[in-house]
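Dear colleague,

Please find the structure below, handed over for your records.

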Amino acid sequence: MQQEYGIELRWTVFPLHPETPEQGIELTELFAGKEKQIRNMQIQLVQQAAFEGLPLTERNRTYNSLRAQELGKWAEQQGQGDNFRRAVYHAYFVEGVNISLVDELVQIAESVCLSGDDARKVLKEKSYIEAVNADWQRARALGVTAVPTHIFEGKRLVGFNSYDQFIRLIGKD
């Protein structure tokens, strides 16, 4: 879509449940009393992903994404932002990897040819935390309350959507 329509994407990370502990939390605990909604949402997401050709596995746990966001900002600076994001997506949404663990993130970085030693150093020193904080502030200022949210010329598309819906968002239908 970027090349086809001359659109430049700007990735902004979002503090989705930043209180989540490193070991993660069961979705039933996070959304207590909404178990049926969780199940229906999972089914809908898996069906939509399959329709779009994206791998997605039902999950029952969520993990804190702050460290992954920090490493993503670093990966962007290394020219590997898209590759790293794809690898994190696959690790988290397909394999169920705990993306808050340093060793897991180092392996993900190495899988896209980034230096594991450098990735570990970035996480230890929190060298990209300010970039993450700036994104979190931008998300708040834009009124983002769910992920993914796509904004184009003041219009927004929230949630997991089809390609056709993105085309309508940018007014190219």
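Helices (H or I, at least four residues) and strands (E, at least two) are DSSP runs, numbered from the N terminus. The model is a predicted one, in which local features need pLDDT of at least 70 and side-chain atom pairs count only at pLDDT 80 or more, while totals for chains, interfaces and linings use all residues. Residues are numbered from 1 along each chain as its sequence is written, and side-chain values use heavy atoms, with hydrogens and water left out.

Backbone

Just after H6, cysteine 113 adopts a positive phi of about 65 degrees. This cysteine sits in the loop between H6 and H7 and counts as exposed, at 74% relative accessibility (exposed means over 50% relative accessible area, buried under 20%, and partly exposed in between, with a 1.4 Å probe and protein chains only). Glutamate 153 also has a positive phi, near 50 degrees, in a residue other than glycine. Its place is the loop between E3 and E4, and it is exposed, with a relative accessible area of 68%. The peptide bond from valine 147 to proline 148 is cis, with omega near -5 degrees; proline 148 belongs to the loop between helix H8 (129-141) and strand E3 (149-152). For context, most residues other than glycine have a negative phi, and most peptide bonds are trans.

A nonpolar core is here a set of buried Ala, Val, Leu, Ile, Met, Phe, Trp, Tyr and Cys residues joined through side-chain atoms within 4.5 Å. The largest such core has 21 residues, of which Leu71, Phe84, Ile99, Leu105 and Ile108 touch the most other members. At least two residues of this core come from each of helix H4 (66-77), helix H5 (81-94), helix H6 (102-111) and helix H7 (116-125). H5 gives the most, with 5 residues. Beyond its neighbours within four places in sequence, isoleucine 99 is in contact (heavy atoms within 4.5 Å) with Tyr63, Asn64, Ser65, Ala68, Val88, Tyr92, Leu105 and Ile108.

In H6, the buried residues are Leu105, Val106, Ile108 and Ala109. They lie on the same side of H6, because they cover an arc of only 160 degrees around the axis, the arc being that of the directions from the helix axis to the C-beta atoms. These buried residues pack against H4, H5 and H7, whereas the face of H6 turned away from them carries the exposed residues Gln107 and Ser111.

Cavity

A cavity is a set of points on a 1 Å grid over the protein atoms alone where a 1.4 Å probe fits but cannot get out, and lining residues have an atom within 4 Å of a point. Grid points are joined across faces, edges and corners, and a volume is the space filled by probe spheres set on the points. The count is 1 cavity of 30 Å³ or more, and the largest cavity holds about 30 Å³ of space. Its lining consists of Phe14, Pro15, Leu16, His17, Pro18, Asn64, Ser65, Leu66, Gln69 and Trp136. Leaving aside neighbours within four places in sequence, proline 18 is in contact with Asn64 and Trp136.

Yours sincerely

Notes: On a 1 Å grid over the protein atoms alone, a cavity is a set of points where a 1.4 Å probe fits but cannot get out, and a pocket is an open set with protein on both sides within 12 Å along at least five of seven lines; lining residues have an atom within 4 Å of a point.
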